Amino acid sequence: MHFTSEQRLDDGVLERTFTLGDVPGILWTPASASVSAPVPLILLGHPTLGLNKMYPRLLGRARHSAAEGFATATIELPGCGERPRLPALGAARADMRRALETGEPLSDEIIDAVVLPLVDRAVPEWQAALDALLALPGIDGPVGYSGGVISIGVRLALVEPRLAAAVLFAGSFVPRATFEEARRITTPLHVLLQWDDERNDRQASLDLFDAFGTEEKSLHAHMGGHTGVPQHAGDPAAQFFTRHLKK
């Protein structure tokens, strides 16, 4: 991990950008973190819009988490932002856009082609980032995961034993394989759902929640569209992470 910039924000949070190989990322650490008193870590997932576009929202989430005593980190997704494009993934997304524009139902094949290659590439990168982040002074487990493409969160919760809890944002298109993976998850989950999300198949989100095999799962649904998540929705999520990540 190579740090490329560093700044102390007005609330005392230390923001550092980094690269891990060719993967850029950002780490936010609360002022309370120290070698003698390390803080838990939350990985901040995000959609495929790129870190630059998502930065304001990620920073808000990072500040809120820092106030609760958590470090947070995020990395750029494969083929997004300034990373090299993935031709096959671009072609699959074009097929999806055409289907949506013409009102055709999305086939399982199109959804699989758009989502699964991203999951296959992103999850090992998240794990490599986790290796590097947990080696830093002032940061320790347990580790949480919050938000982003839900199929990435499901896969990470399934394969990463260091993940003690996950907050998932219901939405995006869900491949058939993700439902199978969900049934094998034992990690505690807290799921946020926007009831009128124009970008989300509500029934698919409810079916996925029902499929999760973990003994501890909660679903918080709020009225409103994709960008209408109420500010208070973060309070139960913060309590969920505090319960599972604070020693």
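**Entry 1. Overall layout**

I counted 7 helices and 9 strands in the chain; these are DSSP runs numbered from the N terminus, with helices being H or I of at least four residues and strands E of at least two. I am working on a predicted model, where local features need pLDDT of at least 70, side-chain atom pairs count only at pLDDT 80 or more, and totals for chains, interfaces and linings use all residues. Residues are numbered from 1 along each chain as its sequence is written, and side-chain values use heavy atoms, with hydrogens and water left out.

I looked up the size next. The C-alpha atoms fill a box of roughly 55 × 40 × 30 Å along the principal axes. The radius of gyration is 18 Å, which agrees with the value near 18 Å for a compact globule of 247 residues. That radius is taken over C-alpha atoms, and the globule rule is 2.2 Å times the number of residues to the power 0.38.

**Entry 2. Burial, surface and charge**

I found that 51% of the 247 residues are buried. Buried means under 20% relative accessible area, exposed means over 50%, and partly exposed is in between, with a 1.4 Å probe and protein chains only. The chain exposes about 11600 Å², of which carbon and sulfur atoms supply 53%; the areas come from the Shrake-Rupley method with a 1.4 Å probe, and for residues only the protein chains shown count as cover.

I then checked contacts, meaning heavy atoms within 4.5 Å. Of the contacts between residues at least 6 apart in sequence, 67% join residues at least 24 apart.

For charge, I compared the mean positions of the 23 positive and 30 negative charges, and they are 3 Å apart. Lys and Arg count as positive, Asp and Glu as negative, while His and the chain ends are not counted. Each charge is placed at NZ of Lys, CZ of Arg, CG of Asp or CD of Glu.

**Entry 3. Helix α4**

How many residues of helix α4 are buried? I get 8 of the 10 residues in 150-159, so the helix is largely enclosed by the rest of the structure. Among the buried ones are Ile 150, Ile 152, Val 154, Arg 155 and Leu 156. The buried residues of α4 pack against β4 (39-45), α3, β6 (139-147), β7 (163-169), α5 (176-182) and α6 (202-211).

I looked at Asp 112 in helix α3, residues 108-134. Asp 112 counts as buried because its relative accessibility is 15%. Not counting residues up to four places away in sequence, Asp 112 touches Pro 117, Pro 175 and Arg 176.

Arg 83 sits in the loop between β5 (71-75) and α2 (87-102). Is Arg 83 buried or exposed? Its relative accessibility is 9%, so Arg 83 counts as buried. Outside the four places on either side in sequence, the contacts of Arg 83 include Asp 22, Glu 76 and Glu 125.

**Entry 4. Aromatic pairs**

A search of the whole structure gave me 4 aromatic pairs. Rings of Phe, Tyr and Trp (its six-membered ring) pair if their centres lie within 6.5 Å; planes under 30 degrees apart are stacked, over 60 edge-to-face, and the rest tilted. One of the pairs is Phe 3 with Phe 18, edge-to-face at 6.3 Å centre to centre and 80° between the planes. Phe 3 lies in strand β1 (residues 2-8) and Phe 18 in strand β2 (residues 14-20), so the pair ties together parts 15 residues apart in sequence. Phe 3 is partly exposed at 28% relative accessibility, whereas Phe 18 is buried at 1%.

The rings of Phe 240 and Phe 241 have centres 5.8 Å apart and planes at 55°, so this pair is tilted.

**Entry 5. Loops and a cis bond**

Pro 137 is in the loop between α3 and β6, and at 58% relative accessibility Pro 137 counts as exposed. I noted a cis peptide bond from Gly 141 to Pro 142, with omega near 0°; Pro 142 is in strand β6.

Last, I looked at Ala 33, in the loop between β3 (23-29) and β4. Ala 33 counts as buried at 19% relative accessibility. Leaving out residues up to four places away in sequence, Ala 33 touches Val 39 and Gly 138. Ala 33 and Ser 146 are 113 residues apart in sequence, and their C-alpha atoms are 20 Å apart.
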